Amino acid sequence: MHATVKWVDGAQFIGESGSGHSVVMDGPPDHGGRNLGVRPMEMLLLGLGGCSSFDVMSILTKARQAVTDCRVELEAERAEGIPSPFTKIHMQFIVTGKDLKETQVKRAVELSATKYCSASIMLEAAGVEITHSYEIHSAD
């Protein structure tokens, strides 16, 4: 895996993934930024949500669950001072579909957290407390 991050000006950077996709990162004005992009720590949180959501959807699709929508809402706490790493993250999955089986949704969230999501497993190994919950909504 490869990525490049290039400084633009102030606290703004362009990140480019090895697969050729780019994203703008920027800081708040009080840190020299212009608030024109995602903060780097927000990017890390988004990466965690994307990694886990990818797993959950893959597992539910293989289980032949008729998912019509899936999102994860993440709430994170950070340590005071500098550095200020994440200390706690809660991931709330909201899965919508037709005749979804709760056992399958629960299993998908658990498997992502304990076996498949590299981002989650890496952050937990670094001491971040990560918790998960889920809601199931009917698409009927």
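Let's start at Arg64, which counts as exposed at 77% relative accessibility (exposed means over 50% relative accessible area, buried under 20%, and partly exposed in between, using a 1.4 Å probe and protein chains only). Keep in mind that this is a predicted model, in which local features need pLDDT of at least 70, side-chain atom pairs count only at pLDDT 80 or more, and totals for chains, interfaces and linings use all residues. Residues are numbered from 1 along each chain as its sequence is written, and side-chain values use heavy atoms, with hydrogens and water left out. Helices (H or I, at least four residues) and strands (E, at least two) are DSSP runs, numbered from the N terminus.

- Arg64 sits in the loop between α1 and β4, and its phi is near 60 degrees, a positive value in a residue other than glycine.
- Asp99 belongs to the loop between β5 and α2.
- Phi of Asp99 is also positive, near 55 degrees, and this residue too is other than glycine.
- With 67% relative accessibility, Asp99 counts as exposed.

**How α2 meets α3**

- Helix α2 (residues 102-116) and helix α3 (residues 118-125) have axes that come within 7 Å and cross at roughly 60 degrees.
- For these values, axes are lines fitted to C-alpha atoms, for helices over the stretch in contact, and angles run from 0 to 180 degrees between N-to-C directions.
- The crossing of α2 and α3 is right-handed, a term used if the near helix is turned clockwise from the far one by less than a right angle, while anticlockwise gives left-handed.
- On the α2 side, the contact is made by Ala113, Thr114, Lys115 and Tyr116, and on the α3 side by Ser118, Ser120, Ile121 and Glu124 (contact means heavy atoms within 4.5 Å).
- Sorted by type, the residues of this contact are three nonpolar, three polar and two charged.
- In this sorting, Ala, Val, Leu, Ile, Met, Phe, Trp, Tyr, Cys and Pro count as nonpolar, Asp, Glu, Lys and Arg as charged, and the others, Gly among them, as polar.

**The two sides of α3**

- Ala119, Ser120 and Leu123 are the buried residues of α3.
- Looking down the axis of α3, you find its buried residues within an arc of 95 degrees, so they line one face of the helix (the arc is that of the directions from the helix axis to the C-beta atoms).
- These buried residues pack against α1 (40-62), β5 (86-98), α2 and β6 (129-138).
- On the face of α3 turned away from its buried side are the exposed residues Ser118, Met122 and Ala125.

- Ser52 has its place in helix α1 and counts as buried at 1% relative accessibility.
- Apart from neighbours within four places in sequence, Ser52 is in contact with Met91, Phe93, Ser112 and Cys117.
- Gln92 lies in strand β5 and is buried, with a relative accessible area of 16%.
- Again leaving aside neighbours within four places in sequence, Gln92 is in contact with Arg71, Val72, Glu73, Ser133, Tyr134 and Glu135.
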